[in-house]
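Open the model in your viewer and keep the selection panel at hand. We will go from the whole chain to single residues.

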Amino acid sequence: MSAEVTSVVDLAGDLAGKYRRTESGGSTVDPEIVAADLAAVERDGYVILENLLTPDELDEIRREMRPLLDRTGRNNFEGHATQRVYSLLNKTRSCDRVVAHPRVLALLDRLLMPNYLLSMLQAINILPGEAAQMLHTDDGFYPLPRPRQALSAATIWAVDEFTPVNGATDIIAGSHRWGDRLPDETDTRVPVVMPAGSCVFFLGTLWHGGGANTAADPRLALTAQYCEPWLRPQEAFTLSTPHDIVRTVSEDIRRMLGYSIHPPFIGQVNGMHPKRLLEQED
């Protein structure tokens, strides 16, 4: 960090020297498309982005996930008939496209501060017979009162088609604007129905939950969650992700893993940009 500081105003800027903030892959998306996506998110709390993954990409994800789906949830929130795989970046490269899809990054660029972080990446496979998950918000564990701007955002990707009966995620549209109100029996859970390869993008303040699976087959999905750069992510990726994997992933993902600086120097390591760790080992 080599920039000269002449006032406290300078501390709000990027003081990094060699490793300046890089532009997100979301900059490649047509601004009119982003504007429409953003309008839906601001109105309803969510938007469905259809057919972002190809059949080949979906096949690769299914192939990579199959041997990893070896245990069910530990409580009724995780789901006793739901298989979950955490820390996916350490196990497969097939999900990288999901983490840093330009259409998703374009929304994050407008909703969160620069150098936002990846907070969670996991696979969720809801098995037949699973009950509906309790409704919840993804940034409710941050102790700041509502109503407020969302501190995080999330995607849930349909690796298998989401239907009204196979565990499609339920949402309460407009609930992102609620204050301290909790859902009750008068609120309708609406399933997010979408084809395989699509995702639902929603704000961390939106009430949602996995649906019941009364179908004959499981429903596989991926979820990538993101948070403001000044918050602690759910998963400590800087601890869980080896440096050789950090070097392999894209610049967008590397930045979201915490190899970035939130002005003026949040995220530094020994007074330096965290990318210096990779440089020293080289």
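Contact here means heavy atoms within 4.5 Å. This is a predicted model: local features need pLDDT of at least 70, side-chain atom pairs count only at pLDDT 80 or more, and totals for chains, interfaces and linings use all residues. Residues are numbered from 1 along each chain as its sequence is written, and side-chain values use heavy atoms, with hydrogens and water left out.

**Whole chain**

Show the cartoon. The protein chain has eight helices and nine strands (DSSP runs numbered from the N terminus: H or I of at least four residues for helices, E of at least two for strands). Its radius of gyration is 19 Å, close to the 19 Å that the globule rule gives for 282 residues, so the chain is as compact as a globular protein of that length. That radius is taken over C-alpha atoms, and the rule is 2.2 Å times the number of residues to the power 0.38. Along the principal axes, the C-alpha atoms fill a box of roughly 60 × 40 × 40 Å.

Now colour by burial. Buried residues make up 52% of the 282 (buried is under 20% relative accessible area, exposed over 50%, partly exposed in between; 1.4 Å probe, protein chains only). Of the contacts with a separation of 6 or more, 80% join residues 24 or more positions apart.

**Helix 4**

Select residues 102–111. Seven of the ten residues of this helix are buried, so helix 4 is largely enclosed by the rest of the structure. Pick out the buried ones: Pro102, Val104, Leu105, Ala106, Leu107, Leu108 and Leu111.

**The cores**

Select Leu118, Phe201 and Leu222. Of the 48 residues in the largest nonpolar core, these three touch the most other members. A nonpolar core is a set of buried Ala, Val, Leu, Ile, Met, Phe, Trp, Tyr and Cys residues joined through side-chain atoms within 4.5 Å. Helix 4 gives the most to this core, with five residues. Apart from it lies another core, of 13 residues, among them Ile156, Ala168, Val192 and Leu206.

Which residues does Leu118 touch, not counting those up to four places away in sequence? They are Leu89, Val99, Ala224, Gln225, Tyr226, Pro233, Phe237, Met256 and Leu257.

**Val165**

Finish in the loop between strand 4 (152–158) and strand 5 (170–171), where Val165 lies. Val165 is partly exposed, with a relative accessible area of 41%. Leaving aside neighbours within four places in sequence, Val165 is in contact with Ala212, Asn213, Thr214 and Ala215.
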